[in-house]
Amino acid sequence: MSPAAMKLRAGQRLQGMRELMGLTRDQFSDLLDIPWIRLRNVEQQKARMAEDEFAKIGQKFPEFMPWITYEGDIVVEDLRKSPEPLCQLAAAKIAAGQIPPGYYIHDKIK
């Protein structure tokens, strides 16, 4: 299957976002108030993300919601302008080419 044909699950996209921010699962789970074991299960596709988890991510990181919900674009300028320092960090890492491999993030950066 070609990378263009790959469709990531929301948990995989969430893991890519977390890795782009340079956070451990423990740090990310504390930040989002999602139990660590639950976050691990979502990232490993052992569980699907629940509506309240999407809501928590959307409240904290609205700039990433198109990516998380439907594999939409990540708009670097929106990350740069975000009041959330972790979004600003993600924008800087993208600009520096420090994008985690395996999530096809390169294809979604605008």
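These legends describe close-up views of salt bridges and the nonpolar core in a predicted model. Local features need pLDDT of at least 70 and side-chain atom pairs count only at pLDDT 80 or more, while totals for chains, interfaces and linings use all residues. Residues are numbered from 1 along each chain as its sequence is written, and side-chain values use heavy atoms, with hydrogens and water left out.

**View A. Lysine 7 pairs with glutamate 71.** A salt bridge is a side-chain nitrogen of Lys or Arg within 4 Å of a carboxyl oxygen of Asp or Glu. By this rule the model holds 7 salt bridges. In this one, the closest N and O atoms are 3.4 Å apart. The pair links distant parts of the chain, 64 residues apart. Lysine 7 sits in the segment before helix H1 (10-21). Glutamate 71 sits in the loop between helix H5 (65-70) and helix H6 (76-81). Helices (H or I, at least four residues) are DSSP runs, numbered from the N terminus. Lysine 7 counts as exposed because its relative accessibility is 55%. Glutamate 71, at 8%, counts as buried. The cut-offs are under 20% relative accessible area for buried, over 50% for exposed, and partly exposed in between (1.4 Å probe, protein chains only).

**View B. Arginine 38 meets glutamate 53.** The closest N and O atoms of this salt bridge are 2.6 Å apart. Arginine 38 lies in helix H3 (residues 36-43) and glutamate 53 in helix H4 (residues 51-60), so the bridge ties together parts that are 15 residues apart in sequence. Arginine 38 is partly exposed at 24% relative accessibility. Glutamate 53 is buried at 7%.

**View C. Glutamate 77 and arginine 80 form a salt bridge.** The N to O distance is 3.1 Å. Both residues lie in helix H6, 3 residues apart, about one turn of the helix. Glutamate 77 is partly exposed, at 36% relative accessibility. Arginine 80 is also partly exposed, with a relative accessible area of 46%. Elsewhere, salt bridges that share partners join Lys7, Arg13 and Glu71 into one network.

**View D. The largest nonpolar core has 31 residues.** Such a core is a set of buried Ala, Val, Leu, Ile, Met, Phe, Trp, Tyr and Cys residues joined through side-chain atoms within 4.5 Å. Phe28, Phe61 and Phe64 have the most contacts inside the core. H1, helix H2 (25-32), H3, H5, H6 and helix H7 (85-95) each supply at least two of its residues.

**View E. Phenylalanine 61 and its contacts.** Contact means heavy atoms within 4.5 Å. Not counting residues up to four places away in sequence, phenylalanine 61 touches Met17, Met21, Phe28, Leu31, Leu32, Glu84, Leu86 and Cys87.
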